[in-house]
Structures are given as structure tokens and as C-alpha cells.
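Work through the exercises below with the sequence and the 3D view open. Try each task before you read its solution.

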Amino acid sequence: MAEPGFKSVLFVCLGNICRSPIAEAVFKKLVTEQNISANWKIDSAATHLHEVGNPPDCRGQRCMENHGVPMSHVARQVTEEDFTTFDYILCMDENNLRDLNIKSNQVKNCKAKTELLGSYDPQKQLIINDPYHGDDSDFELVYQHCGRCCKAFLEKAC
């Protein structure tokens, strides 16, 4: 059982090399700046296997570096245990949400609240688009979108 006041969030996208590691890094920076990182378990994962073991996309790493946001992650796939240990599983698009809902329905004692990270966006942009086939500017858009959503999520979760 989690300690009182302790919370956990898992950010999820298709491959865990673009959007979800950016959201993870942004959220870690937010909680660190607010001196509440000890109250949070934060991670990210993929709905699919094809990028497992890989680092984040170099364009995403460059974007985070440009903003002074530390990023260190190795792609992994969502596990059954994630649904029983994380409080929140926040994903990037409807395909992620569908895949996660299918997996969560197969897990006994699922405690995670699974929803779109974009549902917290004050600008009401529900979907965080995959920048994989784009360029650096698309990664910048993901960074900005995740920043808005993570800040709003943190305010609501605390």
C-alpha cells in the first residue's frame, strides 16, 4: 500500500521514445521544482514492443536539453503490474487509451485511473500528436503541450 500523500503516474504512448518520455521528464522537473519529488513515483511506458530497450528519440532529447529538462529513460512496455501499482496512467491519444483499456480489463485489482493526458490541457487540445514522422518543431509542440497538461494535472492531483 502506498504511503499517505504518495502518488504515482505512468505516462504512455505507442513506442515510449517520443511523447511519453517527454511528459515523464517534464513532470519530474515540475515536481522537483516544487520540492515534492519524494511524494511521487513517475515513469513512462509503451503500448507496443517495437522500441523496448531504446533510448528516447534524439530529437526529443535535443528539445529537452534546449529547455534544460533532464531526460534519462529506456523504453519499456506497460505491464500488468503497472495497472495495480500506479494511481494514474496518462496516455497521449485514443489508440493508446483503447489499448490500455483492453489491457486493464484483463487485470485483477486494477487501481490505476487511465485517461488522456490532454484531458488536463487548459487549451482543450485533447490529443498529443505523435512527432515521430515530423521534425524538431513537432517535438517542440509536444514539449509545450505536455508542459501545459502536466502542470494542470499536478495542480489537480495535489
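**Exercise 1: Serine 104**

The backbone oxygen of asparagine 101 lies 3.1 Å from a polar atom of the serine 104 side chain. The model is a predicted one.

Solution. 

**Exercise 2: Helix α4**

Which residues of helix α4 are buried, and what do they pack against?

Solution. 
- Step 1. Helix α4 covers residues 94-104. Its buried residues are Asn96, Leu97, Asp99, Leu100 and Ser104.
- Step 2. These residues cover an arc of only 165° around the axis, so they lie on the same side of α4.
- Step 3. Recall the helix repeat: with 3.6 residues a turn in an α-helix, residues three or four places apart point the same way.
- Step 4. The buried residues of α4 pack against β1 (7-13), α1 (19-33), α3 (80-85), β3 (88-91) and β4 (113-116).
- Step 5. Now look at the start of α4. There a side-chain oxygen of aspartate 93 comes within 3.1 Å of the backbone nitrogen of asparagine 95.

**Exercise 3: Aromatic pairs**

How many aromatic pairs does the whole structure hold? Classify the pairs that phenylalanine 27 makes with tryptophan 40 and with phenylalanine 153.

Solution. 
- Step 1. A search of the whole structure gives six aromatic pairs.
- Step 2. For phenylalanine 27 and tryptophan 40, the ring centres are 5.0 Å apart and the planes are at 80°, so this pair is edge-to-face.
- Step 3. Phenylalanine 27 is in helix α1 and tryptophan 40 in strand β2 (residues 40-46), so the pair ties together parts 13 residues apart in sequence. Both residues are buried.
- Step 4. For phenylalanine 27 and phenylalanine 153, the centres are 5.6 Å apart and the planes are at 45°, so this pair is tilted.
- Step 5. Phenylalanine 153 is in helix α5 (residues 136-157), so its pair with phenylalanine 27 of α1 ties together parts 126 residues apart in sequence.
- Step 6. Check burial. Phenylalanine 27 has a relative accessible area of 0%, and phenylalanine 153 counts as buried at 1% relative accessibility.
- Step 7. Ring pairs join Phe11, Phe27, Trp40, Tyr88, Tyr120 and Phe153 into a cluster.

Definitions and conventions:
Residues numbered from 1 in each chain as written. Predicted model: local features only at pLDDT ≥ 70, side-chain atom pairs only at ≥ 80, totals over all residues. Heavy atoms only, no water. Buried < 20%, exposed > 50% of the residue type's maximum accessible area, 1.4 Å probe, protein only. Helix = DSSP H or I, 4+ residues; strand = E, 2+ residues; numbered from the N terminus. Arc of directions from axis to C-beta. Contact = heavy atoms within 4.5 Å. Polar contact = N/O pair within 3.5 Å; in protein donor to acceptor, adjacent residues only side chain to side chain. Phe/Tyr/Trp six-rings, centres within 6.5 Å; stacked < 30°, edge-to-face > 60°.
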